[in-house]
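This report describes the fold of one protein chain. Please read it alongside the sequence and coordinates.

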Amino acid sequence: MTAPQPSATMPADLLAHARAAKGFMPPDEGDLLFRYAVERLSHGPALEVGTYCGKSAVYLGAAAQRAGGEAVVFTVDHHRGSEENQAGWEHHDGSLVDEEIGLMDTLPVFRRTVRAAGLEEQVIAVVGRSRAVSRWWTTPLSLLFIDGGHGEQPARDDYEGWTPHVMPGGLLVIHDVFPDPAEGGRPPYELIYLPALASGRFEEIEALGSMRVLRRV
């Protein structure tokens with residue numbers, strides 16, 4: 001499989017929405033996600049693990065819109081925030097806390113993000129914990145994007161629960177892969193990326209920043 005052609009670029013208005021949304025996706029990695037999704041979405045749905053406020057969902061939804069037809073993206077999240085998003089941690093955002101219950105709730109922000117981008121027909125939210133949803137999932141995926149919780153158990157659950165659903169020729173895209181421990185947390189690297197390669201089911205086809213793109217063989 002060759003890399004997507006550079007001509008697969010996002011419309012300016014959707015790109016502006018993606019870059020303005022809350023989240024942690026660098027622009028070049030978002031562009032890469034969009035281009036690979038455009039390539040794959042004609043073969044079946046894409047699924048994202050880890051929605052947060054919808055930044056990467058806009059990149060994926062824009063690709064589904066570009067692909068046309070019935071192309072859709074599912075995005076799975078419990079919307080209570082990952083471990084690193086909780087109070088006292090580096091990536092905590094107090095504006096996302098529901099004051100009535102004292103817990104994070106990113107779902108309203110996600111919904112506003114997708115609506116503002118005009119992508120409600122392309123992006124389908126699945127609200128629930130990744131492990132529970134994956135246990136009942138049956139549809140083959142043309143692209144799986146894992147950007148969920150970065151603790152050891154969430155990463156292990158995402159790998160074990162979702163990678164079997166990637167169709168032959170489909171793509172596994174993993175975010176926050178840091179081979180150097182000084183650059184970031186270990187679970188996405190040690191518990192998703194390395195096991196995927198060691199399984200013999202996937203081969204790496206591109207790396208950019210902390211993003212890794214693997215093809216199901």
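How many positive and negative side chains does the protein chain have, and how far apart do the centres of the two sets lie?

## Charge and surface

In this predicted model, the protein chain carries 19 positive and 30 negative side chains. The centres of these two sets are 4 Å apart.

## Overall dimensions

The radius of gyration of the protein chain is 16 Å, which agrees with a compact globule, because a globule of 217 residues would have a value near 17 Å. Along the principal axes, the C-alpha atoms occupy a box of roughly 50 × 35 × 35 Å.

Buried residues make up 52% of the 217 in the protein chain. When contacts between residues at least 6 apart in sequence are considered, 75% of them link residues at least 24 apart.

## Secondary structure and strand β6

The protein chain contains 7 helices and 9 strands. One of the strands is β6, residues 141–146. Here 6 of the 6 residues are buried, so strand β6 is largely enclosed by the rest of the structure; buried means under 20% relative accessible area.

Strand β6 pairs with β1 and with β7. Strand β1 (residues 46–49) runs parallel to β6 and is joined to it by 4 bridges, with Ala-46 opposite Leu-143 of β6. Strand β7 (residues 166–174) is also parallel to β6, through 5 bridges. In that pairing, Ile-146 has Ile-174 of β7 as its bridge partner.

Note on methods:
Residues are numbered from 1 along each chain as its sequence is written. This is a predicted model: local features need pLDDT of at least 70, side-chain atom pairs count only at pLDDT 80 or more; totals for chains, interfaces and linings use all residues. Side-chain values use heavy atoms; hydrogens and water are left out. Helices (H or I, at least four residues) and strands (E, at least two) are DSSP runs, numbered from the N terminus. The radius of gyration is taken over C-alpha atoms; the globule rule is 2.2 Å times the number of residues to the power 0.38. Buried means under 20% relative accessible area, exposed over 50%, partly exposed in between (1.4 Å probe, protein chains only). Contact means heavy atoms within 4.5 Å. Lys and Arg count as positive and Asp and Glu as negative; His and the chain ends are not counted. The place of a charge is taken as NZ of Lys, CZ of Arg, CG of Asp or CD of Glu. Two strands pair if DSSP finds at least two bridges between them.
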